[in-house]
Amino acid sequence: MEGRAQHNVDVLGWLADALEELDCQSLRRIRRCRQSAQGRIIWLDGRELVNFGSNDYLGLASDPRLVAAVKEGLEKEGWGSGASALVCGRSSAHAALEEALAKFEGCEATLVFPTGFAANAGTIAALVGPGDAVYCDRKNHASIIDGCKLSRADLRVFPHADVDTLDHLLAKPHRHRRRLVVTDTLFSMDGDLAPIPQLVDVCERHRAILMVDEAHATGVFGNRGRGVVEFYGVEERVPVRVGTLSKGLGSVGGFVVGSTALVEWLVQKARPYMFSTALPGAACYAAMAALKVVEQEPHRRALVVQKAEFLREALKREGWNIGLSASQIIPIVVRQPNVALSLARFLETRGFFVPAIRPPAVPDDEACLRVSVTFHHQHSDLERLVETLGEAKRKLGLGN
Ligand SMILES: *Cc1c(COP(=O)(O)O)cnc(C)c1O
């Protein structure tokens with residue numbers, strides 16, 4: 001028995017050192033625990049904080065209409081869906097959500113996945129494989145990168161938002177069967193927009209498939225809240241669009257938007273769709289309620305856009321580096337992980353939750369605070385945040 005215990009200790013013995021190493025680099029993550037519903041104010045580890053850390057941009061995660069929809073769904077469907085969508089997990093709630101999403105997005109068909117992560121990873125690996133090529137923006141979300149790797153297609157990473165380099169790469173002679181270009185539309189850490197119209201042109205010219213991920217843009221960008229592709233007026237020219245129900249829509253689940261043939265293909269080939277249990281039907285009820293709010297209350301997205309613009313301007317005036325942010329996601333770039341952590345900790349003592357973002361979520365030397373502006377923020381929250389950051393700069397001795 002003793003020998004066995006010894007053996008168990010040894011095979012994972014490296015973990016303690018590896019964790020210690022993360023600590024030394026200010027890269028160790030600690031998990032927080034929230035003791036309230038999601039919203040403008042949250043309780044986090046026993047502290048009441050103004051919340052600049054959620055992706056609940058439209059303030060829907062705790063909206064009474066979503067809560068009521070879930071209750072109704074629970075009454076009708078129970079909780080667990082019991083099987084993958086392909087077996088018998090897909091209920092009339094899933095079918096109704098897919099129909100509502102197709103109408104909302106103005107497209108032929110949609111497919112709902114258990115998460116946005118699954119939608120990205122599954123879709124990429126279903127569209128390209130060995131003998132194909134996939135072109136991926138360096139700053140794409142982890143789920144896109146993982147999908148590219150899973151696909152086993154030749155992976156070409158192009159510099160962030162660099163259409164000329166992509167054009168050059170696509171122009172090279174090649175023997176690939178299919179070529180897929182994939183990008184976030186609104187980058188999740190930098191808050192900048194992908195050059196979508198130019199990407200559309202380049203992909204059409206080189207006959208590459210363009211796939212975009214609207215995770216942070218759904219509900220916020222575009223006249224009807226369809227995202228950045230709508231904002232630029234090129235919906236018809238983007239054949240594969242991925243979105244998530246978990247951010248602006250305040251629910252959970254991912255989805256793909258496109259043609260009937262695309263959806264039919266994904267049903268056959270997207271492994272996370274085939275081999276993962278379908279969302280609870282009640283979650284579909286929540287998402288449908290959220291879509292209704294997005295349609296009926298466009299002032300929500302208008303206010304998010306306005307508040308974000310105010311905050312970006314105020315931060316720039318104070319000399320903070322917010323990169324190329326053009327959205328409700330505003331990074332305050334400080335470069336070193338330990339500086340990001342000190343700032344975040346200081347803000348917490350003053351009543352603000354702003355997460356410190358460190359590698360590998362961002363490249364080395366791009367550690368930042370990631371401020372996320374939502375519908376429920378008050379003007380005074382934004383003003384006080386800027387003031388408190390100024391105070392932090394003086395107290396922590398951060399130069400400009
Ligand atoms: C959050 C995110 C996802 C994953 O969505 P989930 O529904 O949370 O799994 C995909 N893409 C991007 C760009 C994201 O930020």
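How many residues surround the ligand, and which are the closest? In this predicted model, the views below take up that question before turning to other parts of the chain.

**View 1. Residues around the ligand.** The ligand is surrounded by 15 residues, of which the closest are Gly116, Asp213, His216, Thr244 and Lys247. By residue class, this shell divides into 10 polar, three charged and two nonpolar members. Helix α6, which spans residues 116-127, makes the greatest contribution to the shell, supplying three residues.

**View 2. Polar side chains at ligand oxygen atoms.** In the side chain of His216, an N or O atom is 2.5 Å from an oxygen atom of the ligand, while for the side chain of Thr244 the corresponding distance between an N or O atom and a ligand oxygen atom is 2.6 Å. Lys247 places a polar side-chain atom 2.7 Å from an oxygen atom of the ligand. Of the 380 Å² that the ligand exposes when taken alone, the protein buries 85%.

**View 3. A nonpolar patch on the surface.** Val11, Leu12, Trp14, Leu15, Leu19 and Leu22 form this patch, and together they have about 530 Å² of accessible area. Helix α2, residues 14-24, gives the most to the patch, with four residues, whereas Leu12 lies in the loop that runs between α1 (2-11) and α2.

View 4. An unreviewed UniProt entry carries the annotation "domain: Aminotransferase class I/classII large" for residues 48-389.

**View 5. Backbone geometry in two loops.** Most residues other than glycine have a negative phi, and most peptide bonds are trans. Against that background, Pro359 and Pro360 are joined by a cis peptide bond, with omega at about 10°, and Pro360 is found in the loop between β12 (356-357) and β13 (367-372). Arg207, a residue other than glycine, has a positive phi, near 55°, and Arg207 is located in the loop that lies between α9 (196-205) and β7 (209-213).

Key. Residues numbered from 1 in each chain as written. Predicted model: local features only at pLDDT ≥ 70, side-chain atom pairs only at ≥ 80, totals over all residues. Heavy atoms only, no water. Patch = residues over 30% accessible without salt bridge, like charges linked within 9 Å, V, L, I, M, F, W, Y side chains within 5 Å. Areas by Shrake-Rupley, 256 points an atom, 1.4 Å probe, with all protein chains shown as cover. Salt bridge = Lys/Arg side-chain N within 4 Å of Asp/Glu carboxyl O. Near = heavy atom within 4 Å. Polar contact = N/O pair within 3.5 Å; in protein donor to acceptor, adjacent residues only side chain to side chain. Nonpolar A, V, L, I, M, F, W, Y, C, P; charged D, E, K, R; others polar. UniProt positions renumbered as here; feature names shortened; annotations may be inferred.
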